[in-house]
Amino acid sequence: MKYLRLVLGLTAILGTGACGSQEGSAQGQAADTLEVVEAAPDPIEGMTDGGAMLMPEARRRVLVRQDSLWAEALRIHYNAIVLDGHVDTPSLMLDDGYQLGERHRGPSKHLDLPRMFEGGLDGAFFSIYVAHYFGEGAGATARARAMMKTLKNQVAALSDSVGMATTAEEVRRLAKAGKKAVLMGLEGGHALAGSPEVLAELRAEGIRYVTLTHVNTNSWADASQSAPRWNGLNDLGRRLVREMNRLGVLVDLSHVSDSTFYDALAVSRAPVILSHSSARDLTDNVRNVDDAMLRALAENGGVIMINFFDPLVNSHLTADVMAEVYRRNGGRTRNLRTIWDTIYAVKRAHGLPGAALTDVVDHLDHAVKVAGIDHVGLGSDFDGVFDLPAGLHDVTRLPWITYELLKRGYTEADLYKLLGGNTLRVLEEAERVAAEMNPSPTGGA
Ligand SMILES: [Zn+2]
């Protein structure tokens, strides 16, 4: 019965109209009819929410007719607590007045609340992204705070369907109540202005992870897309990582150089994350991590959340192709946009196709084979990238990932881990380490 009440409450925000679907037969029919199914009892404590199945009924029928495995995929997907490690929607909210509660269409608009409900995404780390050109000082910190304020204000105005979260328990509570969870991660360690005090303030304001660098090397950590300055972390960097552990802030190693990655693993007492990176052995890109790094991550107990961005998962971007990309850039250019532009030019010159949803699943599969089922999750980079794989153009397509994994032999228990359970676990482990490092009852909050 609770699910019936839930869907009545959601009718207003879900609005009408199927998303830009690629399975045209379902589009246009019963666009505002949503299937609501009472989910099975919670089979794995803490990894499921018994959520309602909010996919347009006509589309659901078409899928199940195509393959009866879809019924199982949809049951598991909407029952799971599904979490995304990195979405860039707050940048749109601050710069363009993007409304989280409204349904959007068109490229580079991948996520909003109505489509989170439809795609069965229960929560995400909303990236508080600060571009490198804000520098490393008060201006960058102010930019982070302005973005956090905009996000919190919109969430507060939509409290019937979404809430802020800083702990695994809060995520579970919101999911059980049929609401979406908004966590915050700071992208770009330069916004800390090199200050442990600023880190502690931002933690108190809700930041739960820090991506140590963006494309730029900062005063304490080397980035993967800038010239090295410290050969990894310097003393201040090591101190900040320890302070993140003490505060229960996850250490995010997406974007950092390989040396910074290994330095952070050596220092961190808590499991680390890669909030939005993929596998370098499948797609040769410095933003991805190789198999040795995946094994080191597993040893640390951390989680890699696989990025969906085309150049990071495209199976045609082999080492040879990437060598040509770097050659064309004279081996010098580290500007992110120039690198992506060159990748596209080389792709066009060789007639290489774009990535597909199955490429993303290949990366998930590869990371599981190398790091293990407990160390992999989802980190879409929705609203932060301009090119997503065919079949995965926005958040409503997440059930297709679950279906593809099920088809490849993943069990229900495996899927609960990959879709969100592993992310909840690292949050809890970081909370436990923080509690250990703060023996006083008021510490670590
Ligand atoms: Zn990023």
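A residue counts as buried if 20 or more other C-beta atoms lie within 10 Å of its own, as exposed if 12 or fewer do, and as partly exposed in between, with C-beta atoms placed from the backbone. By that rule, 51% of the 445 residues of the protein are buried. This is a predicted model: local features need pLDDT of at least 70, side-chain atom pairs count only at pLDDT 80 or more, and totals for chains, interfaces and linings use all residues. Residues are numbered from 1 along each chain as its sequence is written.

**Overall make-up**

- The protein has 17 helices and 9 strands; these are DSSP runs, H or I of at least four residues for helices and E of at least two for strands, numbered from the N terminus.
- Two residues are in contact if their C-beta atoms, placed from the backbone, lie within 7 Å.
- Of the contacts between residues at least 6 apart in sequence, 75% join residues at least 24 apart.

**Nonpolar cores**

- A nonpolar core is a set of buried Ala, Val, Leu, Ile, Met, Phe, Trp, Tyr and Cys residues joined through C-beta atoms within 7 Å.
- The largest core has 117 residues, and I304 and A367 touch the most other members.
- Helix α17 (residues 412–437) gives this core its largest share, 9 residues.
- Another core, of 5 residues, lies apart from it and includes L317, M322, V325 and I343.
- Beyond four places in sequence, I304 contacts L274, S277, V289, L294, L297, A367, A371, H375 and V376.

- Helix α16 is largely enclosed by the rest of the structure, because 8 of its 10 residues are buried.
- Those buried residues are L398, P399, W400, I401, T402, Y403, L405 and L406.
- They pack against α3 (69–79), α5 (113–119), α15 (357–371) and α17.
- α16 (residues 398–407) meets α17 at about 145 degrees, with axes 11 Å apart; axes are lines fitted to C-alpha atoms, for helices over the stretch in contact, and angles run from 0 to 180 degrees between N-to-C directions.
- The contact uses T402, L405 and L406 of α16 and L415, L418 and L419 of α17.
- By class, this contact has 5 nonpolar, 1 polar and no charged residues; Ala, Val, Leu, Ile, Met, Phe, Trp, Tyr, Cys and Pro count as nonpolar, Asp, Glu, Lys and Arg as charged, and the others, Gly among them, as polar.
- G409 follows α16 and has a positive phi, near 100 degrees.

**Helices α10 and α11**

- The axes of α10 (residues 258–267) and α11 (residues 291–300) come within 11 Å and cross at roughly 20 degrees.
- The two helices are therefore roughly parallel, a label for angles under 35 degrees; over 145 is roughly antiparallel, 65 to 115 roughly perpendicular and the rest oblique.
- D258, F261, Y262 and L265 of α10 make the contact with M293, A296 and N300 of α11.
- That contact has 5 nonpolar, 1 polar and 1 charged residues.

**Two residues compared**

- V256 sits in the loop between β6 (250–252) and α10.
- V256 counts as buried because 30 C-beta neighbours lie inside 10 Å.
- V256 and L212 are 44 residues apart in sequence, with C-alpha atoms 6.8 Å apart.
- A319 is found in helix α13 (residues 319–328).
- A319 is exposed, with 10 other C-beta atoms within 10 Å.
- A319 and T283 are 36 residues apart in sequence, with C-alpha atoms 7.6 Å apart.
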